[in-house]
Each structure stands twice: as C-alpha cells, then as structure tokens.
Amino acid sequence: MARFTTQGIDRLEKTFADLSLLPDDIIERMLLAQADRIEPAQKRKMRVRWTGRYATGKTADSLTRTSPKRRKSGISLYLTFRGSHHGMRNGEIAFINEYGKTNQPARPAIREANEENADQAVEDAADVLDRWIQKHV
C-alpha cells in the first residue's frame, strides 16, 4: 500500500496565515516595486520590437499604471494602455502587435519583457517585505 507523508505543512500554513496579516500599505509598496521594474522594461521592449513604417512609439508611451486598489480578492495594480491613435485604441494596437493578425506576425514585446524581468521584480518586492520584517520583528 502507498503511503504519503509531509513535513513542514504546519509551518507553511502559518506562513500563509502570517502573510494574510500584512498591512495593506506593505502589499501596495511591493506591487509598486514590481511595477517600477516591469513598466519601463515593457516600454523599452515595445520600442525595440514594435518598429516599422507606421511605428511612432505612441503605444509604448501610452502604457500607464493604475494606483493600487483594494478589491474583494486583494490588492491589485494594472499596467494599461490609455488613449488612441491611427483611429484605434492603444490597447488594440498593443494587442495586434503582441499577438499578430493575418499577414502580421506576433511581436511579443510585453511577454518578453515580463519574462526577462520576472525574477528581479520578485526580488524587488521581496526587498520591500524584508525591510518591513527587519523593522517589525
């Protein structure tokens, strides 16, 4: 008969419980630290990848972040495209550039920027948390 055992599950549960008690302002600072890393990385990558005859950089420039908002599911922050040009919303232009369309191949700048900067963004958030822990423990 198979046997399943675990070690450390109680500690893991306590860690999750402790994380749920973090002050909202710390969570917001962690999100902002990640956005400080990801937003400029996405803009840089868009300027490199989204080039061509009609490219002006306006779509990359239109990328903005929302302020952190408390929701039922937690605190969230979004990077979103504002405004329009060429008669289309910048979000639509970004989608077409990112995923392509008939006769236009995908140029996944946003995904690439996210992947290339994910580890550092997590470290940035962890640094915020570590500084808070050092002050309060």
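**Salt bridges, patches and exposure**

Reader: Why is Glu115 counted as exposed?

Author: In this predicted model, Glu115 has a relative accessibility of 55%. The class of exposed residues begins over 50%, so Glu115 counts as exposed.

Reader: What makes Arg111 and Glu115 a salt bridge?

Author: The side chains of Arg111 and Glu115 meet at 3.9 Å, N to O. A salt bridge requires the nitrogen to be within 4 Å of the carboxyl oxygen, so the pair at 3.9 Å qualifies. Both residues belong to helix α5 and are four residues apart, which means a separation of about one helical turn. Arg111, at 44% relative accessibility, is partly exposed.

Reader: Why is Arg49 paired with Glu112, and which parts of the chain does the pair tie together?

Author: The side chains of Arg49 and Glu112 form a salt bridge at 3.3 Å, N to O. Arg49 lies in helix α2 and Glu112 in helix α5, so the bridge ties together parts 63 residues apart in sequence. Arg49 has a relative accessibility of 28% and is therefore partly exposed. In general, side chains of opposite charge can pair when their charged atoms come close.

Reader: How do you know that Asp24 and Arg70 form a salt bridge, and where do they lie?

Author: The N to O distance between the side chains of Asp24 and Arg70 is 3.2 Å, and the limit is 4 Å. Asp24 is in helix α2 (residues 24–49) and Arg70 in strand β2 (residues 69–71), 46 residues apart, so the pair links distant parts of the chain. Asp24 is partly exposed at 31% relative accessibility, whereas Arg70 is exposed at 57%.

Reader: How many salt bridges does the structure hold?

Author: The structure holds 12 salt bridges.

Reader: Why is helix α1 said to lie largely in the open?

Author: Of the 12 residues of α1, the number buried is zero, so the helix lies largely in the open. Leu12, a residue of helix α1, has a relative accessible area of 41% and is therefore partly exposed.

Reader: How do you know that the span of helix α1 agrees with its number of residues?

Author: At 1.5 Å a residue, the 12 residues of helix α1 (residues 9–20) should span 16 Å. The end C-alpha atoms are 17 Å apart, which agrees.

Reader: What makes a patch of negative charge on the surface?

Author: The patch is a gathering of Asp119, Glu123, Asp127 and Asp130. Glu123 is in helix α5 (residues 109–136). Residues in a patch need over 30% relative accessible area, and Glu123, at 45%, is partly exposed.

Reader: Is Ile110 buried or exposed, and how do you know?

Author: Ile110 has a relative accessibility of 19%. Buried means under 20%, so Ile110 counts as buried. Ile110 is in helix α5, and its C-alpha atom is separated by 9.5 Å from that of Glu39, 71 residues apart along the chain.

Reader: What is noted about the phi of His86 and of Asn103?

Author: His86 has a positive phi of about 55° although it is not a glycine. His86 lies in the loop between β5 (84–85) and β6 (88–89), and with a relative accessible area of 54% it is exposed. Asn103, also a residue other than glycine, has a positive phi near 65°. Asn103 lies in the loop between α4 (90–99) and α5, and at 79% relative accessibility it counts as exposed.

Notes. Residues are numbered from 1 along each chain as its sequence is written. This is a predicted model: local features need pLDDT of at least 70, side-chain atom pairs count only at pLDDT 80 or more; totals for chains, interfaces and linings use all residues. Side-chain values use heavy atoms; hydrogens and water are left out. Patches are made of residues with over 30% relative accessible area and no salt bridge: like charges are joined within 9 Å, nonpolar side chains (Val, Leu, Ile, Met, Phe, Trp, Tyr) within 5 Å. Accessible areas come from the Shrake-Rupley method with a 1.4 Å probe; for residues, only the protein chains shown count as cover. Lys and Arg count as positive and Asp and Glu as negative; His and the chain ends are not counted. The place of a charge is taken as NZ of Lys, CZ of Arg, CG of Asp or CD of Glu. Helices (H or I, at least four residues) and strands (E, at least two) are DSSP runs, numbered from the N terminus. Buried means under 20% relative accessible area, exposed over 50%, partly exposed in between (1.4 Å probe, protein chains only). The expected span of a helix is 1.5 Å times one less than its number of residues.
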